[in-house]
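Keep the structure open while reading.

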Amino acid sequence: IVRAMTHHQTNAGVQEQGCGALWNLAVNADNKVKVRELGGIEVIVRAMTHHQTNAGVQEQGCGALWNLALNADNQVKVRELG
């Protein structure tokens, strides 16, 4: 997912679906850690920054960050990225 989002940064559909998939994966505690380790938080923030006017990307990205931020180390990473 992270690789697809990185390779298709200008495609809002890929970004929306990728954020949605990461949102779903981040329900699981182990996945929260793995998503962070694989650069998932960065790609979500980048997607939301590059597609600021796309409601779907914003909604899916917020949901993903919400779930990820239930982990204390992820909270630090989200804060660092703004």
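## Terms and model

A crossing is left-handed if the near helix is turned anticlockwise from the far one by less than a right angle, and right-handed if clockwise. Helices (H or I, at least four residues) are DSSP runs, numbered from the N terminus.

This is a predicted model: local features need pLDDT of at least 70, side-chain atom pairs count only at pLDDT 80 or more, and totals for chains, interfaces and linings use all residues. Residues are numbered from 1 along each chain as its sequence is written, and side-chain values use heavy atoms, with hydrogens and water left out.

Helix α4 spans residues 40-50. Its buried residues (under 20% relative accessible area, 1.4 Å probe, protein chains only) are Gly-40, Ile-41, Val-43, Ile-44, Val-45, Ala-47 and Met-48. They pack against α1 (2-7), α2 (12-25), α3 (29-37), α5 (55-68) and α6 (72-81). Contact here means heavy atoms within 4.5 Å.

The axes of α4 and α6 come within 10 Å and cross at roughly 35 degrees. Axes are lines fitted to C-alpha atoms, for helices over the stretch in contact, and angles run from 0 to 180 degrees between N-to-C directions. The crossing of α4 and α6 is right-handed. Ile-41, Glu-42 and Val-45 of α4 touch Asn-74, Lys-77, Val-78 and Leu-81 of α6.

## Helices α2 and α5

The axes of α2 and α5 cross at roughly 25 degrees and come within 8 Å. Therefore α2 is roughly parallel to α5 (angles under 35 degrees). The crossing is left-handed.

On the α2 side, the residues are Ala-12, Gln-15, Glu-16, Cys-19, Gly-20, Leu-22 and Trp-23. They meet Gly-56, Val-57, Glu-59, Gln-60, Gly-61, Gly-63, Ala-64 and Asn-67 in α5.

Is Gln-60 buried or exposed? Gln-60 counts as buried because its relative accessibility is 18%. This residue lies in helix α5. Leaving aside neighbours within four places in sequence, Gln-60 is in contact with Glu-16, Cys-19, Gly-20 and Trp-23.

In α3, Lys-32, Val-35 and Arg-36 are buried. They cover an arc of only 100 degrees around the axis, so they sit on the same side of α3. The arc is that of the directions from the helix axis to the C-beta atoms. Cover for these buried residues includes α2, α4, α5 and α6.

The face turned away from the buried side of α3 carries Asp-30 and Glu-37. Both are exposed (over 50% relative accessible area).

Terms used:
Helices (H or I, at least four residues) and strands (E, at least two) are DSSP runs, numbered from the N terminus. Angles under 35 degrees count as roughly parallel, over 145 as roughly antiparallel, 65 to 115 as roughly perpendicular and the rest as oblique.
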